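Thank you for making time this morning. Please have a look at the model on the screen, and then I will walk you through a few parts of it.

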Amino acid sequence: MLHIASLNLGTRVVSAPLSGISDRPTRNIWRQMGCDLVYTEMVSADGLVHNRKKSLDLLDIDGEQPPVIVQLFGARPNTLAEAARIVQDFGAAAVDLNMGCPAKKVVRNNGGAALLRDLPLATRIVRQMRKAIIVPFTAKLRSGWNHDSVVVREMVNMLQDEGIDAICLHPRTAIQRFGGKANWALIGEVKALASVPIIGNGDIRTPHDALRMLQQTRCDGVMIGRAAVGNPWLLRDAIRLVADPDYARAFAVSPVSLRERLEVLYAHGQQMVRHKGEARAMKEIRKHSIAYVRDFPNAKVLRARLMKPTTFDEFARLIYSKCLFFDPGEP
Ligand SMILES: Cc1cc2nc3c(=O)[nH]c(=O)nc-3n(C[C@H](O)[C@H](O)[C@H](O)COP(=O)(O)O)c2cc1C
């Protein structure tokens, strides 16, 4: 089990912060699959402190069954500390500092992965945020800015000295973005030198990958991002396999029928409407819809049709008609 300061989790598998994806409806679906710990999308500390609607909307955690970690990005120590306090007051179970985002709009303001190029600034930020909050405080980072500056070891030492409660590592450099392979060996190295829990992340695509990362690196927990989009069953199956490799091995990769996928997509759409209103929900569900039927044989036409609904009624009718006709595996 994974323990992050006062947070005691029932599983060692967590879902990733994904900008544009890990909104409240999606977090709810992931939770229903057994995920014990979920992250918000990254939220701008400046936006929160200046009451910007876009940032405040991302802080949609009121009444959400804990634990949810709110992830902040920014580059100004005072602003990040103030934002961390705001997030704590909103009821976040923990606050996470983004030290890995390579997006231009984030790094050109010295936030995200740019912090990996500035140890003194990163230190000031972590120190002030730590002083500002009593809830658990975590950081999520990449291995460094580029191949020639893999600074993760120094960063981990600094984070620990400043009182961080857990560290998540996606072992790619910022310049790599998503190219090449995540260097899992580095997760193992960091785990060996760290005294706080280490969550490994990067390229987990199957339940067996999750188990393999835990076994190879001895990390405390694993985080799944891209592969869980449209496939929340991956989280469920990884949680089961990791909890009991012997018992669950046979069941962990049971294929999910198209009917089941569409039923969960329907529930996801319902949640979207509840939290975002119909018009916005029907737009935002599209990227999930494509992912839910990704890799499914004969789903090309269905994928195209799932892009069309502008009302929930149309969406629901489409899903139910397809549930009846499209699944070759159904009795
Ligand atoms: C669309 C997208 C959005 C992301 N948004 C965030 C984010 O807001 N905060 C963050 O720390 N990482 C973010 N990431 C990185 C993921 O959390 C994760 O570290 C990365 O995708 C590697 O894990 P994976 O191979 O399981 O996807 C994002 C990645 C993607 C693809």
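This is a predicted model: local features need pLDDT of at least 70, side-chain atom pairs count only at pLDDT 80 or more; totals for chains, interfaces and linings use all residues.

Residues are numbered from 1 along each chain as its sequence is written.

The chain is divided into domain 1 (2-248) and domain 2 (258-324), with bounds that come from an automatic or database domain assignment. Nine residues of domain 1 are in contact with 10 residues of domain 2, where contact means that the C-beta atoms of two residues, placed from the backbone, lie within 7 Å. On the side of domain 1 that touches domain 2, the largest share, four residues, comes from helix α1 (residues 24-32); helices (H or I, at least four residues) and strands (E, at least two) are DSSP runs, numbered from the N terminus.

Now, how many of the residues of strand β8 (residues 166-173) are buried? Eight of the eight are, so β8 is largely enclosed by the rest of the structure. Here a residue is buried if 20 or more other C-beta atoms, placed from the backbone, lie within 10 Å of its own, exposed if 12 or fewer, and partly exposed in between. Ala-166, Cys-168, His-170 and Arg-172 point one way from β8, whereas Ile-167, Leu-169, Pro-171 and Thr-173 point the other way.

Strand β7 (residues 137-144) runs parallel to β8 and is joined to it by six bridges, and two strands pair if DSSP finds at least two bridges between them. From β7 the chain crosses through helix α7 (residues 152-161) to β8 in a right-handed β-α-β crossover, meaning that, with the strands pointing away from the viewer, the path from the first strand over the helix to the second runs clockwise. β8 also pairs with strand β9 (residues 198-201), in the parallel sense, over three bridges.
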